Amino acid sequence: MTRLHNDPAAFADEALEGFVAAHRRWVRPVPGGVVRATAKTPGRVAVVIGGGSGHYPAFSGLVGQGLAHGAAVGNVFASPSAQQIRGVAKAAQAGGGVLLMYGNYAGDVLHFGQAAERLNGEGIPTRTFAVTDDISSAGPDEAHKRRGIAGDLPVFKAASAAAEQGSTLDEVARIAAHANDRTRSFGIAFSGCTLPGADHPLFTVPEGRMAVGLGIHGEPGIGEEPVPTADEAAELLVTTLLKELPDGIGTPHGQRAAVILNGLGSVKYEELFVVYRRVAQLLDEAGVTAVDPEVGELVTSFDMAGISLTLTWLDDTLEALWTAPADTPAYRKGAVPEAAAADEESYEAEEGPEAYTASEESRRAAATALDALRLLKETVDTHADELGRIDAVAGDGDHGIGMQRGSTGAYEAALEACELGAGARSLLTAAGDAWADKGGGTSGALWGIVLRALGDALGDTERPTPASVAHGVLRASDGVRRTGGAEVGDKTMVDVLVPFAETLGQQVDAGAELTAAWDAAATAAERSARDTAHLLPKMGRARPHAEKSLGTPDAGAHSLALIVRAVHGALATCQ
Ligand SMILES: Nc1ncnc2c1ncn2[C@@H]1O[C@H](COP(=O)(O)OP(=O)(O)O)[C@@H](O)[C@H]1O
Ligand SMILES: O=C(COP(=O)(O)O)[C@@H](O)CO
């Protein structure tokens, strides 16, 4: 239970403010997160890490000499937005390029990818790297689909230490990939976490049982077993990891490994030491030398009662990087060289235009779009709890709050743009940017694409027609499929977006008025959303828990169907 909070929606921002106030020696705040408080070394590669809040010390607590140069800090369990990541990277970069590092979650992949595109476009060479250490989240043949959990730390550290030694961006990225290839984690839990403001945990484990192979956002485990003794828990973790050795390591005997026994929130230090006692014995019996083991809380999930074990199989290069000094708020090792404090820099927020140029017809269309966004936001507000509950069946339960943050930000940005005389394109672009920025997460990135694509099709001068609206929806559908990589049948919002776009296009081609065409398309969307209940998820957070989600529709598909039905109201009143 997270007992101490003010407004739950402000939790992540207020926690970051307090964290910065307590750690000024190491970090200073910048738009989107934090960067090191020490002076930059010109020409060095900057490693910028990030992810959702709720995992401290990941990610802000790992910023400092020898580790990350900056961290982008998202909302609770939601990736930071591309705009936040770009803000942190620009403040952290020192002229040698940027490596963006994060755990492999759909929202992080989308937002860090978009940030990298924009940074490269602005002349800052940037690469991305997603950590994939959690062996329970996909089989070895699909290792690229695995989630990032406590293995984030050794992989971030290897890359950061290489950057500290003056390696080039290509070399730092190569080290990150090498460390990740040799890092494996596996976890167990006895209860899920309760998010700030929530009155029940994201998942529960029956009394006397433990969940095996669960995620760090309340994603349910892949199996359930009786609660073990500490020794039995150690045996399960070690034997599971020793069964999946990286390529090139035939036998554990004679190997050296970085070892992390990670507490996820409410398993405390002495319990961890009791487990580690047996972990150390088992590794010793297997002939594995544990190098600088860490026993403690390194990647958490609020008050989740769980632990995970991580092994990074070391070679000479990785061992030197793992044992290199580091000095961050939450992780210190050896002695780092003295460093001067960074000069104070001010970061001006990027201002939007003071006024827009648009035709009167496009301004009228923008007013309709604003009304549609108001109805959209009201629908999301009404259904937020339901969306969260659906998402919690096999995901992380944040779909309702993410959609609320995004749609509220979009409506507010659209209102401001409308007051400044925006046409349809400018208003929808401002709304899309704000949705991605305020919502974060997978849905934030994808809804940003939807609104921007619609705006591009409508323009700022032409009078929108049924054909241009249908074309915009088709572009939105193509954009979401291209960016997210999901297809119909994968149990995502694409299962609704595609039939919605197709039906709208067919109706318009057959000569229907926009409201009638939209009505038919919304009915198709509602049917398709219901049908997702029979599908097994192939993308996103729900994928590892496929069978648990059978019988429940996809959260993003359901919210999209609710939204297109609500938007019909705005079209009907503007006719
Ligand atoms: N690759 C993808 N392409 C399209 N939609 C996706 C993809 N991955 C997930 N989704 C959609 O995003 C929804 C979850 O949104 P959100 O709660 O923001 O995500 P998360 O917390 O998992 O980042 C899912 O229900 C699904 O509809
Ligand atoms: O949950 C996180 C990000 O993933 P989303 O896909 O945006 O939900 C975060 O806590 C880990 O970075």
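A189 stands opposite A211 of β8. The two strands concerned, β7 (residues 183–191) and β8 (residues 209–212), are antiparallel and share 2 bridges; strands count as paired if DSSP finds at least two bridges between them. Strands (E, at least two residues) and helices (H or I, at least four residues) are DSSP runs, numbered from the N terminus.

Both strands belong to an open sheet of 6 strands with mixed pairing, ordered β9-β8-β7-β12-β10-β11. Its edges are β9 (223–226) and β11 (289–296); each has a single partner strand, so one side of each lacks a neighbour in the sheet. From one strand to the next, the twist averages 20°. Helix α7 (residues 269–285) packs on this sheet and touches β10 (256–263), β11 and β12 (305–314), where contact means heavy atoms within 4.5 Å. The direction of α7 makes about 165° with that of β11; axes are lines fitted to C-alpha atoms, for helices over the stretch in contact, and angles between N-to-C directions run from 0 to 180 degrees.

## Basis of the model

The model is predicted: local features need pLDDT of at least 70 and side-chain atom pairs pLDDT 80 or more, while totals for chains, interfaces and linings use all residues. Residues are numbered from 1 along each chain as its sequence is written, chains are lettered from A and ligands numbered from 1 in the order in which they are written, and side-chain values use heavy atoms, leaving out hydrogens and water.

Strands β1 (residues 27–30) and β2 (residues 33–36) run antiparallel and are joined by 4 bridges, with V27 partnered by R36. They form a hairpin with 2 residues between them, and G32 in the turn has a positive phi of about 105°. β2 also pairs with β4 (residues 70–76), antiparallel over 3 bridges; here A72 is the bridge partner of G33.

## Ligand 1

The shell around ligand 1 holds 19 residues, the closest being D398, T442, S443, D554 and G556; a residue is near if one of its heavy atoms lies within 4 Å. Helices α12 (441–458) and α16 (555–574) each supply at least two shell residues.

For M493, a polar backbone atom is 2.9 Å from a ligand oxygen. The protein covers 94% of the 570 Å² of accessible area that ligand 1 has on its own (Shrake-Rupley method, 1.4 Å probe).

Technical notes
A polar contact is a pair of N or O atoms within 3.5 Å; within protein, one must be able to donate a hydrogen and the other to accept it, and residues adjacent in sequence count only if both atoms are side-chain atoms.
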